[in-house]
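Here's a quick walk through a few spots in this model, from charged side chains to a sheet and its helices. Have the viewer open as you read.

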Amino acid sequence: MNKPDSASLSRLPQIEKLLQTEELQLWFPRLSRPLVTRLASETIDAIREEVRGGGAVPPIQTIIGAVADRCRQTAGRRIHHLINATGVMLHTNLGRAPISKTAWRSAEAVNTGFSNLEFDLQTGKRGKRKGIIPELLALLVGAEDALMVNNNAAAVFLILSALAKGREVIVSRGEQVQIGGGFRIPEILAQTGANMVEVGTTNITRLEDYTRAFSPDTAMVLTVHASNFRIRGFTARPGIRELAESLPEDVLLVVDQGSGTTTERIPGEHSVAHYLSSGADLVSFSGDKVLGGPQAGFIVGRRDLIRKLAEHPLNRVFRPGKTIYSLMEEALVARLNRDAEPPVEAVLNLSVEELRSRGQALLSDLPPGSVRLVESTVATGGGSAPDEQFPSLSVELLAERRPETLLEILRSGDPPVIGTIVEGRVRLNLATLLPGELESVAAAIRRLSGETT
Ligand SMILES: *Cc1c(COP(=O)(O)O)cnc(C)c1O
């Protein structure tokens, strides 16, 4: 191995000199000058190590190219828009519900200026951070009162901490679930200081399992919606009404409903209103799933309990900011006026004709033989109807290349397009495309087949 001389190390370019090149300056607006500087210096450090190990100093263009690669990879990790062609409408990895453009525009002034977030315009004094969220939710789900926090995990955590700490919470063994990354019911319970009392079995939990478990220490019964799986076959669990009617006076019935479904239109899903009218004291759910709002969690139900939750110190920890308040009020008003179709409704309302016309539009925009239309299915996602698939159409890519490679190229586009592999071929599901995205999808497919027009 050659010992590097200080002369070759000194031929490594100065960072400043690299930063003056157009190739790297291009990345300043996306990454900031200091971050590009750091990536450049990391690249030089790596090359210096190689030169110390006997390697040659690469040409300056190669070094610039290496820094630019790092910049591109880093910029790729920035949050940015992509096209969801997965066939799962509410995908936690893909940001769940898209917010309507109308809501987004209406919320602009609040967010780019000052607002009455916690200021009472009538008295000129400090006000409550809640806007008209409780009234809107009361109308939407038939609740006495409501509280909004950062997400549904926080909602469940707040309920348990404020109302069951140091006491017993009865949970069916069939509902000790994990939802997405890191939300595990037994772990959440343990963190809040509530004592979990497990009843029933994975598939069967009967009313008597609950009633036998009641003790003077029981604070609540918690039922959790199985958001991402179904147990089929020999199964049983009591209905919410049955459970509510058998509860001792001071034991609360809390339902983690999850998806935020407000209609009875999704097969296998009960609405938040259904649980409340069946006797649940509190129901919690996410704001960015079926409801179609920004990320938030809701707790709805009895006014006395909601007040207790609102006064708990953790509520301060979990409070959302003005961006969420402004967007959520817009989303809820739109839901009540039925003048915006939230994403899940859009999927349920999709007609075969609409899907076909999307497919035809795409096909007519592409070289013959590059894709074909195939029947497929779409899922609502977001913890709703985990077992249900609705009819859809997909385009299947016919290019004779590894499907993983095709998916990778699609992901590297601008905007990236996220598809799936079914039976060895890449599919792009037409049902989860949003208005105006067909053209980008066509462009992405053309890029694959080597046509750039
Ligand atoms: C989605 C979901 C959660 C977690 O909600 P986040 O809003 O993601 O915190 C909790 N419980 C159920 C039943 C869910 O479906």
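## A salt bridge to start with

Glu 187 has a relative accessible area of 45%, which makes this residue partly exposed. Its salt-bridge partner is Arg 184, with the closest N and O atoms 3.3 Å apart. Arg 184 is also partly exposed, at 39% relative accessibility. Keep in mind that we're looking at a predicted model here.

Another one joins the side chains of Arg 70 and Glu 42, at 3.3 Å from N to O. This pair ties together distant parts of the chain, since Arg 70 belongs to helix 6 (residues 60-76) and Glu 42 to helix 5 (residues 33-52), 28 residues apart. Arg 70 is partly exposed at 28% relative accessibility, and Glu 42 is partly exposed too, with a relative accessible area of 33%.

Then there's a network: salt bridges link Glu 118, Arg 126, Arg 129 and Arg 319. Within it, the side chains of Glu 118 and Arg 126 meet at 3.1 Å, N to O. Is Arg 126 buried or exposed? At 67% relative accessibility, Arg 126 counts as exposed, while Glu 118 is partly exposed with a relative accessible area of 23%.

Five of them make an open sheet with mixed pairing, and the order is 2-14-15-18-17. Strand 2 (88-90) and strand 17 (420-422) sit at the edges with a single partner strand each, so one side of each has no neighbour in the sheet. From one strand to the next, the twist averages 45°.

Strand 14 (residues 371-381) runs antiparallel to strand 15 (residues 390-397), and the two pair over 8 bridges. If you want a landmark, find Val 374: its bridge partner in strand 15 is Ser 394.

## Helices against the sheet

Which strands does helix 20 touch? Helix 20 (residues 403-411) packs on the sheet and touches strand 15, strand 17 and strand 18 (425-429), with its direction at about 40° to that of strand 18.

Helix 21 lies across strand 14, strand 15 and strand 18, and runs at about 35° to strand 15. This helix covers residues 438-448, and its buried residues are Val 441, Ala 442, Ala 444, Ile 445, Arg 446 and Leu 448. Just past the end of helix 21 comes Gly 450, which takes a positive phi of about 80°.

Methods: Residues are numbered from 1 along each chain as its sequence is written. This is a predicted model: local features need pLDDT of at least 70, side-chain atom pairs count only at pLDDT 80 or more; totals for chains, interfaces and linings use all residues. Side-chain values use heavy atoms; hydrogens and water are left out. Buried means under 20% relative accessible area, exposed over 50%, partly exposed in between (1.4 Å probe, protein chains only). Helices (H or I, at least four residues) and strands (E, at least two) are DSSP runs, numbered from the N terminus. A salt bridge is a side-chain nitrogen of Lys or Arg within 4 Å of a carboxyl oxygen of Asp or Glu. Two strands pair if DSSP finds at least two bridges between them. Axes are lines fitted to C-alpha atoms, for helices over the stretch in contact, and angles run from 0 to 180 degrees between N-to-C directions. Contact means heavy atoms within 4.5 Å.
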